[in-house]
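Here is a short briefing to read alongside the model. Take a moment to look over the sequence and the fold, then follow the topics below.

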Amino acid sequence: MTEGKPASAHLQAGRFKFAVLCAQFNSSITDVLLAGALDALKRSGAVDIEVVRVPGSWELPLAAKTIAERKPGALGKVPDAIIALGAVIRGDTPHFDYVAGQAASGLMAVQLETGIPVAFGVLTTNTIEQAADRAGGKDGNKGYDAAITAIEMAERIHRLRQ
Ligand code: INI
């Protein structure tokens with residue numbers, strides 16, 4: 001799915017709450033992912049959208065878990081789906097593998113432990129050019145795609161719980 005295209009007609013996101021978590025590291029990329037995700041949500045009718053920024057992709061799982069485990073009476077709401085956005089770009093050290101791997105496994109753990117779907121919109125690329133291709137460039141906008149997945153999973157999980 002490309003940024004700018006309308007979301008699928010069947011997606012009716014208006015009845016669901018969403019949290020979009022966005023890592024600030026590599027913000028020239030993640031800001032575009034965030035814009036794509038918000039575009040997809042709004043085109044699909046979502047109105048209840050919380051945006052949370054965290055320093056880097058490493059911080060995404062804890063933020064997602066904290067939001068997913070909010071208790072009744074908390075100021076913030078428990079969302080029906082979370083969209084996690086980040087850009088991990090390979091450097092000359094093994095840092096990439098730690099950050100990318102732990103972000104992925106941490107976010108998977110959050111959705112399995114809490115039952116709240118977490119869409120994985122974290123780019124893991126060798127170069128900034130490859131990341132830019134996937135953040136509004138020739139390969140679309142993975143933030144947009146992650147948001148569409150989150151809407152689909154919010155609907156699907158809601159139905160499966162009944
Ligand atoms: N965070 C990212 O989101 N992308 C990266 O490419 C990255 N690199 O390469 O270092 C990165 N590091 C920061 C990390 O996410 C944490 O914020 C930091 O380690 C402090 O906990």
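Phe18 stands opposite Ile49 in β2. That pairing belongs to a predicted model, in which local features need pLDDT of at least 70, side-chain atom pairs count only at pLDDT 80 or more, and totals for chains, interfaces and linings use all residues. Residues are numbered from 1 along each chain as its sequence is written, and side-chain values use heavy atoms, with hydrogens and water left out.

**How the sheet is put together**

- Four strands form an open sheet in the order β2-β1-β3-β4, with parallel pairing; strands here are DSSP runs of E with at least two residues, helices are runs of H or I with at least four, and both are numbered from the N terminus.
- The edge positions belong to β2 (48-54) and β4 (118-125), each of which has a single partner strand, so one side of each lacks a neighbour in the sheet.
- From one strand to the next, the twist averages 15 degrees (axes are lines fitted to C-alpha atoms, for helices over the stretch in contact, and angles run from 0 to 180 degrees between N-to-C directions).
- Seven bridges link β1 and β2 in the parallel sense, where two strands pair if DSSP finds at least two bridges between them.
- β1 (residues 17-23) also runs parallel to β3 (residues 81-89), joined by five bridges; Ala19 stands opposite Ile82 in β3, and Leu21 has Ala84 as its bridge partner there.
- On to β4: β3 pairs with β4 in the parallel sense over eight bridges, and Ile82 has Val118 as its bridge partner in β4.

**What covers the strands**

- Eight of the nine residues of β3 are buried, so β3 is largely enclosed by the rest of the structure; buried means under 20% relative accessible area, exposed means over 50%, and partly exposed is in between (1.4 Å probe, protein chains only).
- β1 is mostly covered too, with six of its seven residues buried.
- Helix α5 (residues 142-161) lies across β1, β3 and β4, and runs at about 155 degrees to β3.

**Around the ligand**

- The residues surrounding the ligand include Phe25, Gly56, Trp58, Glu59, Ala87, Val88, His95 and Val99 (a residue is near a molecule if one of its heavy atoms lies within 4 Å of it).
- Ile89 brings a backbone N or O atom to 3.1 Å from an oxygen atom of the ligand.
- The ligand taken alone exposes 470 Å², and the protein buries 75% of that; accessible areas come from the Shrake-Rupley method with a 1.4 Å probe.

- Is Ala135 buried or exposed? Ala135 is buried, with a relative accessible area of 8%, and its place is in strand β5 (residues 135-137).
- Not counting residues up to four places away in sequence, Ala135 touches Ile29, Val32, Leu33, Leu123, Gly140 and Asn141, where contact means heavy atoms within 4.5 Å.
- Ala135 and Ala87 are 48 residues apart along the chain, and their C-alpha atoms are separated by 9.5 Å.
- Lys71, in the loop between α2 (60-68) and β3, counts as exposed at 59% relative accessibility.
- From C-alpha to C-alpha, Lys71 and Asn126 are 40 Å apart in space, and 55 residues apart in sequence.

Note on methods. Polar contact = N/O pair within 3.5 Å; in protein donor to acceptor, adjacent residues only side chain to side chain.
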